[in-house]
Amino acid sequence: MKKSGKTVRFKYISSLILMIFLLAVVTLHAMLLQSLPVYAQAESISDSVLRLRVIANSNQKEDQELKLSVKSRLCQSLKPLLDTCASKEEAVARVQENMDWIQQEADNILHELTGSSRTKCTVQLTGSLFPIRTYGNLTFPPGCYDTLLVTLGEGKGENWWCVLYPTLCFTDETTASFSEDAETKLQKSLSEADFSALNEGVTFQLKIAEVFEDLYYTFFSD
């Protein structure tokens, strides 16, 4: 059965509209990265923060549960390594020096959790775009942060994000707040203006940014 000319034209126009919409999202996202002060502020704050990003193999329930189990186990393994770090630079240096061990640890955790060596993961230290995230009374602006990136399997599932240094990942995740020691370390390493901005909560500009961040990560996140 042949498709009518109207049906073909409708699908073509629909596809064109979607392409234009996605292009607009990318363009606006790039403009926001350069224009809104919250994005510029992220660059400043990132100098004092090391983050963790774990990407699940897929969005199937078992893969998402595995992602959460891996991040919990890995955070506990990393705790002794990063607990005594006095700065973000020291934390990054320790991660770099121990990348082989971290990769092996992630592989061992996966093997123990799945009972199989077929599921693979990759661990790398890289820059990564983060959306807006609020931890307790601190709201981190969206932007590019130095990141320990753990990709499980094909890495086509939803992300899990946190702050690896200072040690947010090791606090009670039901409240998702910094320990007093971690917040003190962060405050000492940031300018007064940057730390105050983290405490101000989600401003109007952050709300604007959040809309486009949600759109961007819906269509373009790894």
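Which residues do ring pairs link into a cluster? They are Phe 130, Tyr 145 and Trp 161, and this briefing starts from the whole fold and works towards them. The model is predicted, so local features need pLDDT of at least 70 and side-chain atom pairs count only at pLDDT 80 or more, while totals for chains, interfaces and linings use all residues. Residues are numbered from 1 along each chain as its sequence is written, and side-chain values use heavy atoms, with hydrogens and water left out.

**The whole protein**
- The protein has eight helices and six strands; these are DSSP runs numbered from the N terminus, with helices being H or I of at least four residues and strands being E of at least two.
- Of its 222 residues, 41% count as buried (under 20% relative accessible area, with exposed over 50% and partly exposed in between; 1.4 Å probe, protein chains only).
- Among contacts (heavy atoms within 4.5 Å) with a separation of 6 or more, 74% are between residues 24 or more positions apart.

**The sheet and its helices**
- Four strands form an open sheet in the order S2-S5-S1-S6, with mixed pairing (strands pair if DSSP finds at least two bridges between them).
- S2 and strand S6 (159-165) each have a single partner strand, so one side of each is left without a neighbour in the sheet.
- S2 and S5 run antiparallel over ten bridges, and Gln 124 stands opposite Leu 149 in S5.
- Helix H3 (residues 61-82) packs on the sheet and touches S1, S5 and S6, its direction making about 10 degrees with that of S6 (axes are lines fitted to C-alpha atoms, for helices over the stretch in contact, and angles run from 0 to 180 degrees between N-to-C directions).
- Helix H5 (residues 99-114) also packs on the sheet, touching S2 and S5.

**Around Tyr 145**
- There are two aromatic pairs (rings of Phe, Tyr and Trp, the last by its six-membered ring, with centres within 6.5 Å; planes under 30 degrees apart are stacked, over 60 edge-to-face and the rest tilted).
- Phe 130 and Tyr 145 make an edge-to-face pair, 5.8 Å centre to centre with 75 degrees between the planes.
- This pair joins strand S2 (residues 121-130) to strand S5 (residues 143-152), its members 15 residues apart.
- Phe 130 is buried at 0% relative accessible area, and Tyr 145 is buried at 1%.
- The charged end of Arg 51 sits over the Tyr 145 ring, 4.6 Å from its centre (CZ of Arg or NZ of Lys within 6 Å of the ring centre and within 35 degrees of the ring normal).
- Ser 46 counts as buried because its relative accessibility is 9%, and its contacts beyond four places in sequence are Lys 88, Cys 144 and Tyr 145.
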